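Let's walk through this model together, with the sequence and the coordinates side by side. Could you guide me from the annotated region to the aromatic contacts and then on to the sheet?

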Amino acid sequence: MGYRIVVAGATGNVGREMLNILAEREFPVDEIAVLASRRSLGTEVTFGDKTLKTQDLDTFDFTGWDIALFAVGSGPTKEYAPKAAAAGCVVIDNSSLYRYDPDVPLVVPECNPEAVDGYSKKNIIANPNCSTAQMVVALKPLHDRAKIKRVVVSTYQAVSGSGKDAIDELWDQTKSIYNPTDDYEAKVYPKQIAFNVIPHIDVFMDSGDTKEEWKMVTETKKILDPSIKVTATCVRVPVFVGHSESINIEFEDFLDEDEARDILREAPGIMVIDKREDGGYVTPIECVGDFATFISRLRQDVTIENGLNMWCVSDNLRKGAALNAVQIAETLGKRVLKKG
Ligand code: 2RA
């Protein structure tokens with residue numbers, strides 16, 4: 001016996017990936033419903049070898065459904081997640097709305113699977129920000145071996161992180177630069193993104209950090225360890241899919257780069273591709289469609305006593321969103337709901 005699953009936001013980038021990954025991982029689904037806003041009502045989406053017609057999120061009755069994967073953004077989540085939760089359907093939400101709520105678990109199954117046990121306070125579990133998810137997967141096994149004091153991270157985030165319009169914008173701008181007859185207008189980003197980088201993701205805060213940078217700090221503390229100091233600079237780059245991160249780590253105790261590489265090689269969800277030669281590392285284009293968080297360029301940081309540098313790449317629509325949400329559903333099933 002399997003689960004009755006709902007995917008809310010099924011026509012978006014993340015919603016479609018959720019359906020792909022539920023099918024690829026053969027999640028035990030007895031029945032599935034795909035929901036969309038009235039604007040996308042009736043749009044057909046694929047689930048394995050099936051074609052499903054979207055239903056109206058606004059009128060859908062969640063009673064009798066086991067798990068709802070939400071990828072609808074904070075606004076609609078605020079309206080519909082409580083309704084689903086009150087109807088007894090456990091919500092796994094990809095928006096930032098509930099991540100910082102002390103009564104809502106924020107879960108990366110490779111790091112804190114036991115946190116799903118606290119789901120019943122609000123019947124909601126939160127998925128972390130995409131740039132946080134891949135980083136904590138890499139940090140967790142190293143933190144267990146040699147406690148992490150401080151992390152300095154710079155991100156190079158794909159445009160798909162901010163939705164379909166941003167993908168179209170990069171495509172249009174790139175075409176127009178190669179073919180000047182086509183004109184383009186900046187729809188999503190404040191400046192040209194094609195052949196450029198923009199050090200601004202989400203809104204600016206009084207501290208001068210952006211909300212994206214604040215999320216990485218706050219979420220890493222909630223998922224891994226509140227004592228870890230994190231400072232982040234999040235940058236948008238002209239890549240369609242795949243977030244990259246340059247991560248500098250300071251430990252309480254010395255950790256040799258070779259031992260760190262061996263630890264990461266054995267760690268769940270991680271693929272180490274790290275050779276000091278041409279092409280001996282991963283780039284974002286190569287991670288697209290993969291489940292793994294890739295680690296390359298591991299090396300001692302000799303400027304401090306106990307430091308390491310590494311390069312971390314992952315598909316932001318998968319581990320950064322849809323895959324992590326499905327893994328939370330798998331973990332919830334194994335630890336709590338126990339069907340399937
Ligand atoms: C971004 N992390 O990349 C944010 C939201 N997905 O735009």
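Where does UniProt place the feature "domain: Semialdehyde dehydrogenase NAD-binding"? The unreviewed entry puts this feature at residues 4-119; UniProt positions are given in the numbering used here, feature names are shortened, and annotations may be inferred rather than shown by experiment. Before going further, note that this is a predicted model, in which local features need pLDDT of at least 70 and side-chain atom pairs count only at pLDDT 80 or more, while totals for chains, interfaces and linings use all residues. Residues are numbered from 1 along each chain as its sequence is written, and side-chain values use heavy atoms, with hydrogens and water left out.

Over residues 4-119 the chain is 22% helix and 27% strand, and the end C-alpha atoms lie 18 Å apart. Helices (H or I, at least four residues) and strands (E, at least two) are DSSP runs, numbered from the N terminus.

Now to the rings. The structure holds seven aromatic pairs, where rings of Phe, Tyr and Trp (its six-membered ring) pair if their centres lie within 6.5 Å; planes under 30 degrees apart count as stacked, over 60 as edge-to-face and the rest as tilted. Tyr3 and Phe27 have ring centres 5.6 Å apart and planes at 40°, so this pair is tilted. Because Tyr3 lies in strand 1 (residues 3-8) and Phe27 in the loop between helix 1 (13-24) and strand 2 (29-36), the pair ties together parts that are 24 residues apart in sequence. Tyr3 counts as buried at 2% relative accessibility, and Phe27 is buried at 8%; buried means under 20% relative accessible area, exposed over 50%, partly exposed in between (1.4 Å probe, protein chains only).

Phe60, Phe62, Trp65 and Phe70 form one aromatic cluster. Arg4 lies over the face of Trp65, 3.9 Å from the ring centre; a charge sits over a ring if NZ of Lys or CZ of Arg is within 6 Å of the ring centre and within 35 degrees of the ring normal.

Six strands form it in the order 10-9-11-14-13-12, with mixed pairing; two strands pair if DSSP finds at least two bridges between them. Strand 10 (229-236) and strand 12 (270-272) are the edges, each pairing on one side only. Strand 12 pairs with strand 13 (residues 293-300) in the parallel sense over three bridges, and Met271 has Phe294 in strand 13 as its bridge partner.
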